[in-house]
Protein chains: 2
Amino acid sequence: MPRIKLTIEYDGRGFVGWQRQDNGLAVQEVLETAITGYCGHMCPTFASGRTDAGVHALGQVAHFDLPRTDPPETIRAALNYHLKPHAVSILTAEIVPEDFHARFSCLGRAYLYRIVNRPAPLALESGRAWWVPKPLNAEAMHEAAQVLVGRHDFTSFRAVACQSKSPVKTLDSLDVRRVGEVIEIRTDARSFLHHQVRNMVGTLKRVGEGKWTAHDVRTALAACDRSAAGATAPSVGLYFLNAHYEV
Amino acid sequence: MPRIKLTIEYDGRGFVGWQRQDNGLAVQEVLETAITGYCGHMCPTFASGRTDAGVHALGQVAHFDLPRTDPPETIRAALNYHLKPHAVSILTAEIVPEDFHARFSCLGRAYLYRIVNRPAPLALESGRAWWVPKPLNAEAMHEAAQVLVGRHDFTSFRAVACQSKSPVKTLDSLDVRRVGEVIEIRTDARSFLHHQVRNMVGTLKRVGEGKWTAHDVRTALAACDRSAAGATAPSVGLYFLNAHYEV
């Protein structure tokens, strides 16, 4: 029973998120159905992390145990065949050691958040970015973001429903840059709290608008109170970028 | 009656193209309905060029005569309001001289064609790029593309249905470059024949696959016979990039 590591791209629209739920179609469900279609068995999958409804992935990682042996290229092609017509694509399939675990072996995750910052509403980027019509100062957002880098109690940026044991996390990077009318926010950490990225983005938007300074972000962080920070940015702008491992 | 120049973004999916047709919804129809919703009058619109079904626009240009006077910002905001929920967005509205004509004053058009060149099918880019799973050599495509630059009889790259008086056009540029797994093909000319860009891209794909050389492209061009060149690339990868004018 080789263990298979999958790297997965998906369009979060139309899904209730990664994890199976009663209220709609989950990416996990579509993937497990495709695996069953391919190998004839129900094989549970485990992801590096859950994503919420509407959140996209450019490089989600999941693993499962395949009750037969096939070359990785065959596995990828077969799964992609069975995934049609869903907006889920297996970028790579790899055979990994038996002790590999997409969640527990993961050494770090990266997310990208995309804001389209222009007066005109979105046509081509609709559902794939957050539309913010008023001008944002990306440099000020980047500067204020540095307040959040490091080891902190992120209670102010944590969803009420968060199941993490501790609100203390180490944020390795949080970079904001403007590329034309797009503001890209990229962040790296070993792990994130529920809604942490979207709550950080919603807070940095206040800075970009000129309503808040880096000092206000520091105060919000120190408050350890969700209501002290900014609103949760919409899911449509968030992309699970990658997960990294020793193997 | 000020003449208004609009710069327009649209997602070509779900439209039969720019021009009104009997067989489905056109961008022109949606725009003219929005203009009527805004000003209460039916105002015909004229575009710099038609786009086919499924072709996107990042900067289509159209004009119309508005039977009242409003600031450009009001016109843009009102049209975007009335365009909802269609994937059409007015990027800018400008008041231009009465003799401005989106089609006849146009000095040049630019198109972008996007190929995603990777083994895995498209999830996030589905409907927004041409998926080519086999590796393409972008450098060879760029080199061969230079054969087409200049003034030529483009009969070999012209749709049978093309209504242009002459097949002779001057291609100002045709550049192919790889950006990660995306191959971007950008082209500029005063005007293009019907399907010319898609037929050039379909031909360059043969070069990218190693089936053709620059010499074969030259031979296809010289043949002045549509069947001598490559297949028409799909509409989903094509973007009307911009149109330029003296004003």
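Between domain 1 of chain A and domain 2 of chain A, the rule finds 13 residue pairs in polar contact across the interface, both residues of each pair being at pLDDT 80 or more. On the side of domain 1 of chain A that touches domain 2 of chain A, the residues divide into five nonpolar, six polar and three charged. The model is a predicted one, and its chain A is divided into domain 1, covering residues 3–96, and domain 2, covering residues 108–244. To the contact, domain 1 of chain A gives 14 residues and domain 2 of chain A gives 17 residues.

| Item for domain 1 and domain 2 of chain A | Value |
|---|---|
| Separation of C-alpha centres | 27 Å |
| Area buried between the domains | about 1,200 Å² |
| Part of the buried area from carbon and sulfur atoms | 51% |

The rule also finds one salt bridge across the interface of domain 1 of chain A and domain 2 of chain A. R198(A) forms a salt bridge with D52(A), and the closest N and O atoms of this pair are 3.4 Å apart.

A further position is A144(A), which lies in helix α3 of chain A, a helix that takes in residues 138–145. A144(A) has a relative accessible area of 0% and is therefore buried. Once its neighbours within four places in sequence are left aside, A144(A) is in contact with L204(A), V207(A), A214(A) and V217(A). A144(A) and V176(A), which are 32 residues apart in sequence, are 9.6 Å apart in space, C-alpha to C-alpha.

How values were computed:
Residues numbered from 1 in each chain as written. Chains lettered and ligands numbered in written order. Predicted model: local features only at pLDDT ≥ 70, side-chain atom pairs only at ≥ 80, totals over all residues. Heavy atoms only, no water. Domains from an automatic or database assignment. Contact = heavy atoms within 4.5 Å. Buried area = accessible area lost by both parts, 1.4 Å probe. Salt bridge = Lys/Arg side-chain N within 4 Å of Asp/Glu carboxyl O. Polar contact = N/O pair within 3.5 Å; in protein donor to acceptor, adjacent residues only side chain to side chain. Nonpolar A, V, L, I, M, F, W, Y, C, P; charged D, E, K, R; others polar. Helix = DSSP H or I, 4+ residues; strand = E, 2+ residues; numbered from the N terminus. Buried < 20%, exposed > 50% of the residue type's maximum accessible area, 1.4 Å probe, protein only.
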